[in-house]
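I am opening a notebook on a structure that is new to me. I will look up one spot at a time and write down what I find.

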Amino acid sequence: MSARLDAYARRFAALAVANVTREYPYAPAQLLRGPGDLVPPRTYHPAFYGSYDWHSSVHMHWLLVRLLRRCPGRVPTDTVTGVLDAHLTAAHLTAEADYLRAHPSFERPYGWAWLLALTAECRALDGAFDGALKDAGKRWADALAPAADAVAELLLGWLGKAAQPVRHGTHANSAFALGLILDSASHAGVGALTDPVERAIMGWFAHDRDAPAHWEPSGQDFLSPALTEAEAVCRVLPREEFAAWLERFLPGLDRRAPGALLTPPLVTDPADPQIGHLLGLSLSRAAALRRLAVALPDGDPRVPVLTSAARDHLAAGLPHAVTGDFTRDHWIATFAALALDGPPGGPGNACEAVD
C-alpha cells in the first residue's frame, strides 16, 4: 500500500481543530478530594481542555503543528494557527506547568512524552520556515517551555525511583514514552534528559530476550509491548549491536515469527472504546515496524518482513483514522500521522509516497 500524508492532511487538521476546542465529553484523570474539585476542564487545563482527555488534547495539538510543518499547503493555516494561538499562550501553559508540578504522577509517562513532542515540533516549525510560521513556532515553543521544564523535573524524579518498567500496551507503557522523549528532548530544550533516559532504556531492556510476543495483543492494547521496547532500544544501540539484540529479543523474525506480532489485530467492535484501541495498535505497530526496518543493517533478511508487516498494519488502521465516531476520532489520527510520516532518517518529506 502506498499512502501519502498530504491526502489526509486536510481531514486530520479539521478533526484536530474540532477535537481540541471540544470541551465535552471529557474524562478528568484527577482524584476528587471534595466538591470544590468539580470544575469545568478548562479551569485546570486552559490549554488542553478538549479532545476527551489531557493526553489526547496534547497530541492533537502536536498533530496540528506537525501538519503545518510537513504539509503546510494542505491545511487551513489561518484556522490552525488561530486555534494554536488561543491555546498555547504563556499564561495557559504556566497554569498547565503548575498543575503538573502539583500532581506529580498525572499523565506519567505518556502525557509527559507528548508534551515534550509538542514542544519539539514547535521548535522544528521555528527552524523550518521564515515569516509567520517561523514566528508562530517560536511563540508556541517559548510558551511551552515552563511545562517542558516541569515534565523534565518530574521525569528525572520518576526515573530515580522506577526500578522496573511498565510493559503493558496502554498509556503507562514505559518504552513508548521514553522513546518519544528521546526523539523530542533535544529540540524541546531539555536535552539533559537524553543520557538518563538512555540509561533507563538500557538498564531495563538491554538483557531482555525471547519476548512473549505470542501473547500479543492484549484485548485493549494500542501499543505493542514488544515493538515499543525494540523501538526504544534501536534508538540507543548502534546498528550492528541492535541487530544482534533484536535476534535475541524476537528470534525468528526472518521466518515471520511470531506471526501474531506481524499480523494486524482482529477488531470485533470498532466503536467500543477499549476494543477500539486495537485500531490504534495497527497504526502504532506500523510506525514501529518501519522504524525497526530502518534501524537494521542493509541486507538484513528481517527488513522485508518488517516492511511488509508495516504495510499490512497501515492498510488495516488507516481507514479508521477519521470516522465521525468521537471514541476513535479524538486520538487515532495522531497515530496515523506517525505511521505515515516515517521514522527519523526515513522520508524527508511526509507528503511523499510511503511504500
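**Helix 16**

I began with helix 16, residues 332–341, in this predicted model. Nine of its 10 residues are buried, so I noted the helix as mostly covered. I listed the buried ones: Ile-332, Ala-333, Thr-334, Phe-335, Ala-336, Ala-337, Ala-339, Leu-340 and Asp-341. Then I checked what follows the helix. Gly-342 comes next, and its phi is positive, near 85°.

**From Asp-341 to Arg-70**

I followed the side chain of Asp-341. It makes a polar contact with the side chain of Arg-70, at 3.1 Å. I looked up where Arg-70 sits: it is in helix 3, residues 54–70. Is Arg-70 buried or exposed? Its relative accessibility is 17%, and the cut-off for buried is under 20%, so Arg-70 counts as buried.

**Helix 3 and helix 1**

I stayed with helix 3 and turned to helix 1, residues 6–20. The axes of the two helices come within 9 Å and cross at roughly 145°. Helix 1 passes helix 3 in a left-handed crossing. On the helix 1 side, the contact is made by Ala-9, Phe-12, Ala-13, Ala-16, Val-17, Asn-19 and Val-20. Helix 3 answers with Ser-57, Met-60, His-61, Leu-63, Leu-64 and Leu-67.

**The core**

Next I looked up the largest nonpolar core. It has 119 residues. Phe-12, Phe-48, Leu-178, Phe-242 and Leu-250 have the most contacts inside it. Which helix gives the most to this core? It is helix 7, residues 132–159, with 14 residues.

I picked Leu-178 and listed what it touches, leaving out residues up to four places away in sequence. The list is Leu-155, Trp-158, Leu-159, Val-197, Ala-200, Ile-201 and Trp-204.

**Helix 7 and helix 9**

I then compared helix 7 with helix 9, residues 194–205. They pack at an angle of about 30°, with their axes 11 Å apart. Angles under 35 degrees count as roughly parallel, so I logged helix 7 and helix 9 as roughly parallel to each other. Helix 7 passes helix 9 in a left-handed crossing. Leu-155, Leu-156, Trp-158 and Leu-159 of helix 7 make the contact with Pro-196, Val-197, Ala-200 and Trp-204 of helix 9.

**Ala-185**

I stopped at the loop between helix 8 (174–184) and helix 9, where Ala-185 is placed. Ala-185 counts as buried because its relative accessibility is 1%. Beyond its neighbours within four places in sequence, Ala-185 is in contact with Val-190, Gly-191, Leu-193 and Thr-194. I also checked Thr-119. It is 66 residues from Ala-185 in sequence, yet 8.9 Å away in space, C-alpha to C-alpha.

Most residues other than glycine have a negative phi, and most peptide bonds are trans. I looked for exceptions.

- Ser-51 has a positive phi of about 65°. It lies in the loop between helix 2 (41–44) and helix 3. Ser-51 counts as buried because its relative accessibility is 0%.
- Glu-107 has a positive phi too, near 60°. I found it in the loop between helix 5 and helix 6. Glu-107 is buried, with a relative accessible area of 12%.
- Arg-108 and Pro-109 are joined by a cis peptide bond, with omega about -5°. Pro-109 is in the loop between helix 5 (90–102) and helix 6 (110–128).
- Ala-257 to Pro-258 is also a cis peptide bond, with omega near -5°. Pro-258 sits in the loop between helix 11 (239–249) and helix 12 (259–262).

Definitions and conventions. Residues numbered from 1 in each chain as written. Predicted model: local features only at pLDDT ≥ 70, side-chain atom pairs only at ≥ 80, totals over all residues. Heavy atoms only, no water. Helix = DSSP H or I, 4+ residues; strand = E, 2+ residues; numbered from the N terminus. Buried < 20%, exposed > 50% of the residue type's maximum accessible area, 1.4 Å probe, protein only. Polar contact = N/O pair within 3.5 Å; in protein donor to acceptor, adjacent residues only side chain to side chain. Core = buried A, V, L, I, M, F, W, Y, C linked by side-chain atoms within 4.5 Å. Contact = heavy atoms within 4.5 Å. Axes fitted to C-alpha atoms, helices over the stretch in contact; angles between N-to-C directions. Parallel < 35°, antiparallel > 145°, perpendicular 65-115°, else oblique. Left-handed = near helix turned anticlockwise from the far one by under 90°.
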